[in-house]
Amino acid sequence: MSLEDAAALRVLRDAVAQDPLVHRFYTRWFALDASVRDLFPAEMAGQRAAFAQALRWVYGELVEQRAAEPVAFLAQLGRDHRKYGVLPAHYGTLRRALHAALRDHLGQPGPAAWTAAVDAAATASLNLITGVMSGAADAEEGPAWWDGTVVEHIRASRDLAVVRLRLDRPMDYHPGQYLTAQVPQCPRRWRYLSPAIPADPDGLIEFHVRVVPGGLVSTAVVAETRPGDRWRLSSPHGGLHVDRDGGDVLMVAGSTGLAPLRALILDLARHAVNPRVHLFFGARYRCELYDLPTLWQVAAHNPWLSVSPVSEYGADPSWAADYPDCTPPRGLHVHQTGRLPDVVTRYGGWGDRQILICGGPDMVRATRAALIAKGAPPERIQHDPLSG
Ligand SMILES: Cc1cc2nc3c(=O)[nH]c(=O)nc-3n(C[C@H](O)[C@H](O)[C@H](O)COP(=O)(O)OP(=O)(O)OC[C@H]3O[C@@H](n4cnc5c(N)ncnc54)[C@H](O)[C@@H]3O)c2cc1C
Ligand code: HEM
């Protein structure tokens, strides 16, 4: 059976990771099926990389003769792909184009070769991949996406915005999850965002967005979003969670990494008794600790929550005066200056805590490494995937 031919699958695994092959595939696919091109953004480098990474992982699992995880992954990918407007016929043309691209690529002179066994493994594996994705998409009865209208856009600081929307129909998600969003300023550019409040039966949802330097979508959301804009959201993912019976909690939020942790805190606040939660909320400047007033309110009413504001620099820049003042009333918080990984680990490794870290990829990596160096067990540390 060709799906049991590990040697042939290994040849395919090594081929699908190569950019020239992926390039060749997309060129063929768009020539074969013009309706597909319009689904993708103009710039394809990121997409080629994401596609190659996913396929390489799937083939790696097939080489090891593991089926359960790749099938679950592909089924989820298929359900999620409904948001792009993918149609069943697209899977047929993808299969043909990828098979032909593999044949051309491996037909070139070189150590790997397009043998009958590789041909059979390619056919069987592509049938499996497209069959699982399209089958799961067909079987899914839930919405392919959620549309919503921006009702409020608050410029919380120079590089930060809080955006509130009302969805046409409510979305059920767990606090701490993330989803992808498409905004009207950047069609076909889906980006991950984390709701900052728990799921709301009336469809209200809130996001906190920070400008990434040179970032297309984050810049548009912060600078150009207006009430009335229509956003499209995908289904939620991710498993950041607090086990209410799992002991005390350390949360570390870098800038808008606060959003999912805040959703978890607001959810916990519905219960009278909770584990103790210590939240470090960090930014470059004090004036960028945009949500401190709300966190102050929550902590004032919930003795299990303590909040440590942290900024890299002690003084605010001159532009701080142009944005809302986020200094909380005195008393509840002691402000600290420094980088989050350093400030957090001044208190040790927090090894007895459930640890949740959220923020930009560099901050998450550095904080995780600093905590582990101080003795925190890696299995107690949760964070989201570090890139989309
Ligand atoms: C699970 C998850 C949840 C997320 N939740 C939020 C959220 O709630 N709020 C929020 O503001 N952002 C969040 N992000 C980041 C967000 O999805 C985008 O990556 C970010 O807004 C940049 O998009 P862009 O189009 O502006 O930048 P792009 O045009 O895609 O990229 C521009 C440049 O910035 C770099 N870059 C991309 N993302 C980041 C980043 N996060 N940090 C540093 N450099 C980056 C790119 O490598 C590139 O060089 C989340 C990301 C993930 C993976
Ligand atoms: C009918 C076939 C398919 C179509 C029409 C399709 C289309 C798309 C589109 C339009 C995007 C978004 C691009 C962007 O916004 O930048 C995307 C993303 C992606 N696709 Fe596909 N795709 C198909 C099959 C596959 C298959 C077979 C795989 C791999 C097994 C795959 C893996 C991915 C990945 C990893 C992403 C990145 C973002 C995400 O996870 O949604 N796709 N695809």
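**View 1. Elements that supply the shell around ligand 1.** In this predicted model, strands β4 (191-193) and β5 (204-210) and helix α8 (216-224) each supply at least two residues of the shell around ligand 1. The shell comprises 20 residues, and the closest are Arg191, Tyr192, His208, Val217 and Ser218. By class, the shell divides into 9 nonpolar, 8 polar and 3 charged residues.

**View 2. Polar contacts to oxygen atoms of ligand 1.** Arginine 191 places a polar side-chain atom 2.7 Å from an oxygen atom of ligand 1. Backbone atoms also take part: a backbone N or O atom of serine 194 lies 3.0 Å from an oxygen atom of the ligand, and a polar backbone atom of arginine 210 is 3.0 Å from an oxygen atom of ligand 1. Of the 910 Å² that ligand 1 exposes when taken alone, the protein buries 67%.

**View 3. The antiparallel sheet that includes β4 and β5.** Six strands form an open sheet with antiparallel pairing, in the order β4-β3-β6-β1-β2-β5. Strands β4 and β5 each have a single partner strand and stand at the edges, so one side of each is left without a neighbour in the sheet. Direction ignored, neighbouring strands of this sheet are turned by 40° against each other on average.

**View 4. Pairing of β2 with β5, and the packing of α8.** Strand β2 (residues 160-167) runs antiparallel to β5 and is joined to it by 7 bridges. Within this pairing, leucine 204 in β5 is the bridge partner of arginine 166. Helix α8 packs on the sheet, where it touches β1 (146-157), β2, β4, β5 and β6 (230-233). The direction of α8 makes about 115° with that of β5.

View 5. Strand β9 (residues 305-311) runs parallel to β10, and 2 bridges join the two strands. Valine 310 stands opposite glutamine 336, a residue of β10.

Conventions:
Residues numbered from 1 in each chain as written. Chains lettered and ligands numbered in written order. Predicted model: local features only at pLDDT ≥ 70, side-chain atom pairs only at ≥ 80, totals over all residues. Heavy atoms only, no water. Pairing = 2+ DSSP bridges. Helix = DSSP H or I, 4+ residues; strand = E, 2+ residues; numbered from the N terminus. Near = heavy atom within 4 Å. Polar contact = N/O pair within 3.5 Å; in protein donor to acceptor, adjacent residues only side chain to side chain. Areas by Shrake-Rupley, 256 points an atom, 1.4 Å probe, with all protein chains shown as cover. Nonpolar A, V, L, I, M, F, W, Y, C, P; charged D, E, K, R; others polar. Axes fitted to C-alpha atoms, helices over the stretch in contact; angles between N-to-C directions. Contact = heavy atoms within 4.5 Å.
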